[in-house]
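I opened the model to look up a few strands, a helix and the nonpolar cores. My notes follow in the order I took them.

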Amino acid sequence: MVEEDSIPLPISSDPNEVNSLGSVVIGQDRFQSMVGFGVAGAWVGGHLYSSIDSQHQQEVLDMLFTNAGLGLSIVRTKVEPNVAIQGYNSGQEWLMKQAQQRGVTQFYSTPWTPPSQWEDGANRLLPQYYDEYATFLADYVSMYQGRGIPIKWLSVQNEPDLDCEYESCIWTEEELSCFVPLLRDMLNSRGLSHVELLAPEGMGWSQTDLYLDELDSTGYDELIDVIATHGYWGDTNQAQQDIYRTHVKEHAAPHDLQIWMTEWADLDTTWTGQNLSDPAVFGIDDGLKWAGRIANDLVRANTSAWLYWWMYNPNPFPNKPNEGLIVRTPSNDFLYPKRFYTMAQFSRFVRPGAQRIGVTGIPSGLNMVGFRSHDGQSITLVVVNSGSSAVPVSLDLTQYNAGSSAQVYRTSATENVAALTAQNLQSGMLSTSISAKSVTTFLIPAVEAPPSAPSGMVASAPSQSQINLSWSDGSNNETGFRIERSPNGTSSWQEIASVGANVISYQNTGLACDTRYYYRVRAYRSQDGQFSAYSQVANALTLAQPVKVNEISIGNTNWIEVKNACTSAVNLTGWRVMVYKNNQLMVNYAFPSGFTLQPGGYVVLAEGISGTGSLSVQPVLYLGTEINWTSTGGAVALTSATGNGADFVCWGSCTLPPPAGTNWLGDNPGTPSEAESLARKWTTDSDKGSDWNHQAPSPAADNTITEFKVFLPMVQR
């Protein structure tokens with residue numbers, strides 16, 4: 001591994017805006033959720049187990065995995081090349097169980113090399129052993145699962161782009177892409193589908209991006225769960241690194257993959273073990289460098305987990321102490337450099353499940369990263385000031401219901417996660433100063449303000465049984481929207497549906513025809529049970545049911561046939577049929593109370609009274625009087641229970657206007673002969689005579705002309 005020269009601490013930018021003036025706004029925009037912070041136990045776990053006395057073992061473990069120190073939540077272990085012999089005798093199992101005793105539940109394992117008998121002698125796995133190697137890795141996970149240690153994540157390979165003198169294995173982009181589906185299938189077949197795959201763990205962002213290009217091109221990117229990278233190569237050019245970070249985020253987006261930084265350390269600094277105040281090892285500048293790197297990866301790359309390399313360097317002296325978070329002395333004592341404590345400013349307070357939130361207006365010279373706790377009850381803000389001067393800031397938390405004071409912890413040249421005096425907020429604002437060369441963490445009780453109310457509520461009825469709703473989303477922190485309906489717009493509101501976040505429409509179906517409904521909507525957030533105010537009320541009237549005049553007979557017995565072309569029954573209580581002869585109203589007939597016309601059903605309304613006509617069809621309703629249409633013309637109007645026009649037809653010389661709610665554009669059909677009836681075509685509804693044909697009468701049956709079975713009327717409102 002090669003560590004490039006470090007560069008000055010870069011300034012966080014998009015999506016965190018940087019300004020030199022004004023308040024720092026702690027916003028509600030949400031980004032990645034945190035899995036946690038961690039460290040690797042590869043090789044060093046065995047050293048801690050076999051070469052360090054019990055007292056120092058407990059000290060190191062407590063400082064790593066409890067809030068006495070870092071409070072790490074992830075342990076990365078090494079898949080030994082001979083899992084049957086060395087898998088749990090190299091200190092790995094002991095380390096994981098020690099971490100479990102301290103509350104750690106998240107373990108992931110990385111292979112450095114396959115068993116040597118499957119390699120080609122040049123650090124490459126022979127393709128004919130891909131299946132055997134996939135079985136080998138599944139065996140490793142199963143073994144630890146059987147011993148009470150669930151391996152939640154499994155890497156495909158550590159640094160597949162690195163060929164070195166210690167354990168390693170080279171994989172080309174194509175080879176890694178070929179192996180991923182084999183490993184996924186093997187885990188699934190062994191009942192290990194819950195184990196998530198990490199890949200590719202390249203040496204740097206650019207190398208990781210190359211492997212992802214190949215995974216994307218084959219479609220196997222959907223088989224991994226976490227994009228993992230190391231930080232070693234390419235850090236001298238921050239702008240170039242940001243390009244690759246952006247590429248990696250673009251790879252992650254289609255399948256909602258997490259991004260992890262799984263290894264980074266200083267591999268260049270050497271130490272004899274004599275100078276216990278060596279600034280390159282113990283100084284605040286080294287601590288600030290690592291705090292800046294963590295902050296940049298969290299903000300610029302949306303990393304959900306960040307892991308340092310070793311717990312400590314187990315190698316003989318002189319060694320490279322900065323490979324570990326902790327420094328081991330030649331006498332096997334342990335020292336805790338500033339990088340340990342600056343990382344603790346993140347790891348101890350940003351717990352698994354916390355979600356990063358937007359921070360804008362950051363003064364030049366500072367790095368800031370904000371998080372909302374998993375329970376939604378507090379905000380954690382980590383501020384890195386690598387400059388030589390203090391920076392005054394005004395923290396604006398007015399988008400939250402913030403508490404009255406903030407707990408503050410700081411690491412500087414003279415402090416190690418020191419608890420400072422609580423700082424007071426005034427009306428959601430906190431005025432403070434960020435000390436020079438420090439990392440400061442603010443813990444602020446803050447419940448997110450309720451979501452903003454939706455606006456622009458609109459209701460429209462496209463049919464007889466559906467109303468479409470739409471609104472504008474006024475918030476960025478809702479879980480979803482809840483929709484309520486009322487029969488009158490003022491009372492009897494009932495919740496009828498809920499939709500997810502960012503959804504701005506809903507279709508309310510199964511409604512009654514020709515009925516007005518009232519609606520309102522509000523946003524809600526499930527984490528804390530908060531609701532927005534309601535939108536304004538919107539209403540719409542469902543269309544009248546497609547009940548139409550189907551056929552009119554002007555023969556010996558005059559009759560009118562009405563058809564229900566809808567797919568649901570229609571109660572015709574209150575509906576009326578008006579019959580005209582020579583422009584004069586002859587009959588104003590009201591359907592009997594409770595009379596219902598079934599889907600596709602017919603009813604014939606005959607002139608005269610029961611027993612006087614010659615019709616034998618059923619059902620027949622009698623108009624109670626004779627019509628005696630003549631060849632000069634006539635008309636029939638049909639109105640719904642609300643008085644709205646449902647249908648109108650006139651023929652011959654009739655010049656009557658249609659009832660409100662319907663049209664008639666003229667072009668009357670001619671009067672049929674006594675042997676014919678006037679029959680609706682049903683293929684159009686243009687309100688013209690061309691909608692009608694002459695045919696042999698067919699009461700209570702389909703017209704000779706092919707009918708549409710579902711008809712959407714042209715009804716005006």
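I began with strand β8, residues 258–263. Five of its six residues are buried, so the rest of the structure largely encloses β8. I keep in mind that this is a predicted model.

Next I looked up the pairing of β8. Strand β7 (residues 226–230) pairs with β8 in the parallel sense over five bridges. Within that pairing, I found Thr 229 bridged to Met 261 of β8. Strand β9 (residues 303–310) also runs parallel to β8, and three bridges join them. In β9, Trp 306 stands opposite Met 261.

I then turned to helix α4, residues 92–101. Is it mostly covered or mostly uncovered? I noted it as mostly covered, with seven of its ten residues buried. The buried ones are Gln 92, Glu 93, Trp 94, Leu 95, Met 96, Gln 98 and Ala 99. Their cover includes the helices α1 (44–51), α2 (54–65) and α5 (130–146), along with the strands β3 (74–79) and β4 (106–111). Just after α4, I read a positive phi of about 95° at Gly 103.

Last, I went through the cores. The largest nonpolar core has 105 residues, and Phe 37 and Phe 346 have the most contacts inside it. Helix α5 supplies the largest share of this core, ten residues. I listed the contacts of Phe 346, leaving aside neighbours within four places in sequence: Phe 37, Ala 291, Ile 294, Ala 295, Leu 298, Val 369, Val 382 and Val 384. Apart from this core lies another, of 38 residues, including Val 547, Val 603, Val 649 and Leu 656.

Methods: Residues are numbered from 1 along each chain as its sequence is written. This is a predicted model: local features need pLDDT of at least 70, side-chain atom pairs count only at pLDDT 80 or more; totals for chains, interfaces and linings use all residues. Side-chain values use heavy atoms; hydrogens and water are left out. Buried means under 20% relative accessible area, exposed over 50%, partly exposed in between (1.4 Å probe, protein chains only). Helices (H or I, at least four residues) and strands (E, at least two) are DSSP runs, numbered from the N terminus. Contact means heavy atoms within 4.5 Å. A nonpolar core is a set of buried Ala, Val, Leu, Ile, Met, Phe, Trp, Tyr and Cys residues joined through side-chain atoms within 4.5 Å. Two strands pair if DSSP finds at least two bridges between them.
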